[in-house]
Structures are given as structure tokens and as C-alpha cells.
Amino acid sequence: MARKRVIIDCYTDEPAGLGVPPFLGTHPRIVFGELKGKAEYLTIDDLRIFSAQIKLTSSKLDPPTAKTRIDLLNRTRSPEKAKQLLSSADQIIVVAGLQTPGKYLSAQPAGLKEISKLLKPLKATKILTGPAASIGTQQMGGFAAELPDRGIFDHIREYKFADYREMQPAFTKGADVLKQITAERIIEIETGRGCSRQSGCSFCTEPLKQQLCWREPDLIIEEVKKLTQNGAARFRLGKQSCIYSYMKSSPEKLEQLLSGIKALEPSVFHIDNANPAFVTKELTELFVKYLTPGSTAAMGAETFDPEVYRLNNLNSSPENTLQAIEIINECGRSYGDNGMPALLPGINILLGLEGESERTLELNFQALKDMLKKDLFVRRINIRQVVPFPGTRLYEVAGDRYLRKNKHLYSAWSRKIREEIDLPMLEKIFPEGHRLYGLLAETHEGNVTFLRHPGSYPIIVGVRQRLELGRFYDVKVTGHMLRSLTGELI
Ligand code: SF4
């Protein structure tokens, strides 16, 4: 008799690759493809409802005076169907792992503690895969990694492979999983694995997972075509450590890839992950030519302290990062038909690296302040506290020493960045009266609806009106919060 297999997507977030709704990551698709489509796809939200025996009513899921239940929002089946699948499954494959945890507007990924608790009563054989299976997971920056509990999982399976051509049938078959997902997701596309640097940054888990290899344009385009046939129209080239170094930064290969996907007429076509050291004008112009407006090239600047840069063997010096930001501004600032600039840089700052001091925080602040003075646009500044994952150089050399030493400084410093950099930056990019078109209503909080464009690091707009979720609206900017906008419908 055929095995009854269930994949439970608990969502993933890695330095290279996002699989938290509204994104659909590569891991569950590859697992589904490797099983030749003979599996049922569920989410952690389905499992939560099954375990809690929650009676679903719309007022419980989206209470009129409180927040939308984002932990239950991304269900794929009726509770009855999910119950039937989970109770009768003889194999459950869990996809999980947060290695760059963030805050999510409309989903709540699960940590291993929660997953283990919910899975315990189920009789099926349990397999853990995804980033958590390699070096663990952590939902909050600044804390130690959670490692898989072998008592719960019968097998822990890392996904490593040597050859993209050999894996292609799994990638293309994986596209069929979309038949089981009703909500339209942004599909994270894999263009490569590993890191192009011989010896990686002290904190990063990517070089531990796999040697560098790139996926040829024809393979990626074939997968995107299959995904398109299954109804997908929103794509992001996000599963790689740096899109600017794609196939040794070859403009020909990059253009072949971008033009091939563009020919499939996606409604959203964005990128993620750019190493500032590889940003050039020629490649940026290609992105601007082919991507849809509102994309962000998120860059791991990590620090603007030259000493921290040196000690942690980081990918880009402060000068390099500034130069990359200037290039992307030069090419990508013009506004597109959805009201968003074509392509802007994003900056990631990492706290808790080796050598960090009070001066580091001051240098970071000054560098960001200078960008503001120079009239450079930065779409968003992401501040994270590092998770020292076992196997990384940071873990061996410093662990959480600098986090513990400097933690008392972080909150006031972050607030200063939000008030003195983010706020005036938002006022510059989205002045009062600016119009944004085609925003998707995603969640409520009482009488306020939160909307954003589907895509890479979209700006969140709060509208003081309870709008129907899942629909698109046009808004006019009426005000600025520290990291979001307020608006009214037009
Ligand atoms: S450049 Fe650094 S942060 Fe980027 S993938 Fe390589 S090791 Fe990781």
C-alpha cells in the first residue's frame, strides 16, 4: 500500500532564502518534488488548529477589537481535512529553520519546541529537514540556537546535493505543490548555493551548508515556467547568498536569466541578497531594466566599524558598502507605476559581532546619518542581534560575549536609528500625499488594516479603516511612523 506522507511547512528564514508566508520557500517544494508529488502539503497553522482543537470562527481568527491571528492565518485546508490527513499519515516531513529571524506581518514560524510538542501525539514516522536539520534554529536574535530533539524525530535529514541538473526533476515537480495552496504566494527562486568567498563571515551559516554552485538560467527558467503554469505570478530571486555574483557576475548569464523570467510576464519580479562588494553599475542597470518596481537589494553591511569588519572577516568594507548604495541610488530611484522606486538598497546591521564596542554603534549611526545627509535613499535598515550558531567562527571565538557586554546599549541605540534615520528617510522616499497603488490588505489590528505590496521588503501602510483582507487598494500617504506609513484610500 502507498505510504501516506504529509509535509508540514513550519516556515524558514536563512541568510540566503525566505520561506515565511506570503513567501513560499524552496525547501518544501524540493521535498514535494523528490517525493514525486505523492505527499500532502500542510502548514504549521493547520497543525496548530488540529492540536488545539480550535473551533474556527471568523471572529476568533480576526477579532474585531484585536489583532488578526497570524499564527493561524496561513491554513491550507479545512480543519476536518487537515485532521484526516494528520491522523492517517504514516510519515510526516517537517520543514523548519530560522537562522535570520525577523518580525513577520502575516505569519508566525514555529520553533522546535512548539513543533515537537504538537507532533508528539501523532503516530507517524517523523523526519526533520530544512535549515533546522543542519545547524539548528532560533526565533529570536541574540539567543543560543535551538538544536533538534532526536527523541521526537526519527530522522534528521539535511538537504545537500552536488548537481543542479540532477536535482532539476525535483525542482520542476515541486512546482505542483501550488495545486494544494489556495493563497497566492511569492515564490522564492533558487539561483545558487554556498558563498563565493573562500572563507566566510564569522557569523554566517551559509558556507557551512554547501560549497558554492550556481544554477544555470535554463534550469531556473524551466522551473519558473512550471510554477507559472500552476498559477504563480510573483517571484523573487532570493535563494542565493548574493544575486550580484550570479555565475561569476556574468552580465550575459544574468541578462539571460532576467529576460527569460520577464518573458513569462510575472506580476512581481524582485531580488534579494546582494553582497555590496559585487555591486556594479552594469548589473544594477540590468536589474532595473527587468525587475518590477519596488524591489530591494538587501545588503549585509553588518557594520561600519573598520575594526569589527576586519575581526569578523566581513564581506564588505564600510567604503564598499557606501559605494554600492550610491550605485543603486544612481540607477534605481525613479518611481514606477505602483508608486515605488524601481530598486533601492536595504541595509542589514548585525549586533554582537566580535570586537563590538560603544564606538561601533556610534560609527554605525554616523554612517547612516551621512547617507541621509547625502540624500541617498535606503529602503530599510534591518537591525538584528546575532545568533552564534555552532560551527561558525563567531561561536568558537566569541560566542555571545559581545552580545552580553553590549546588550544594555542596543535598545536606546536602535530607537535613535529609528527616530533620527528611518523616520526622515521615509519622509523623503514617501512624502505626504505620495500615492501607492495595488497594496494588498493583509492583517487587522482592531480598526486599522495593514497593507503592503507583494514583494521584497515592502513598506507597510496602516489605514484607519477595517478593509476586507486579501484585496488590493490604492492609498495616499498621510503620515509617517518609525518604520511604516499611515494612509487613506484614494
Ligand atoms: S558573504 Fe558572508 S554573509 Fe554572505 S553568504 Fe558569504 S559568508 Fe555569508
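Glu265 sits in the loop that joins helix H11 (251–262) to strand E11 (268–271), where helices (H or I, at least four residues) and strands (E, at least two) are DSSP runs numbered from the N terminus. The model is predicted: local features need pLDDT of at least 70, side-chain atom pairs count only at pLDDT 80 or more, and totals for chains, interfaces and linings use all residues. Residues are numbered from 1 along each chain as its sequence is written, and side-chain values use heavy atoms, with hydrogens and water left out.

**Backbone features**

- Most residues other than glycine have a negative phi, and most peptide bonds are trans.
- Glu265, although not a glycine, has a positive phi of about 55°.
- With a relative accessibility of 68%, Glu265 counts as exposed; the classes are buried (under 20% relative accessible area), exposed (over 50%) and partly exposed in between, with a 1.4 Å probe and protein chains only.
- Tyr11, which is not a glycine either, has a positive phi of about 80°.
- Tyr11 belongs to strand E1 and is buried, at 0% relative accessible area.
- A cis peptide bond, with omega near 15°, runs from Pro21 to Pro22.
- Pro22 lies in the loop between strand E1 (5–13) and strand E2 (23–24).

**Overall fold**

- The protein chain contains 17 helices and 19 strands.
- Its radius of gyration is 22 Å, close to the 23 Å that the globule rule gives for 490 residues, so the protein chain is as compact as a globular protein of that length; the radius is taken over C-alpha atoms, and the rule is 2.2 Å times the number of residues to the power 0.38.
- Along the principal axes, the C-alpha atoms of the protein chain fill a box of roughly 65 × 55 × 50 Å.
- Among contacts in the protein chain with a separation of 6 or more, 79% are between residues 24 or more positions apart, a contact being heavy atoms within 4.5 Å.

**Surface and charge**

- Of the 490 residues in the protein chain, 60% count as buried.
- Carbon and sulfur atoms contribute 50% of the accessible surface of the protein chain, which comes to about 20,000 Å² (Shrake-Rupley method, 1.4 Å probe).
- The protein chain has 67 positive and 58 negative charges, whose mean positions are 5 Å apart; Lys and Arg count as positive and Asp and Glu as negative, without His and the chain ends, placed at NZ of Lys, CZ of Arg, CG of Asp or CD of Glu.

**Annotated span**

- An unreviewed UniProt entry lists residues 181–432 as "domain: Radical SAM core"; such annotations may be inferred rather than shown by experiment.
- Residues 181–432 are 45% helix and 16% strand, and the end C-alpha atoms of this span lie 38 Å apart.
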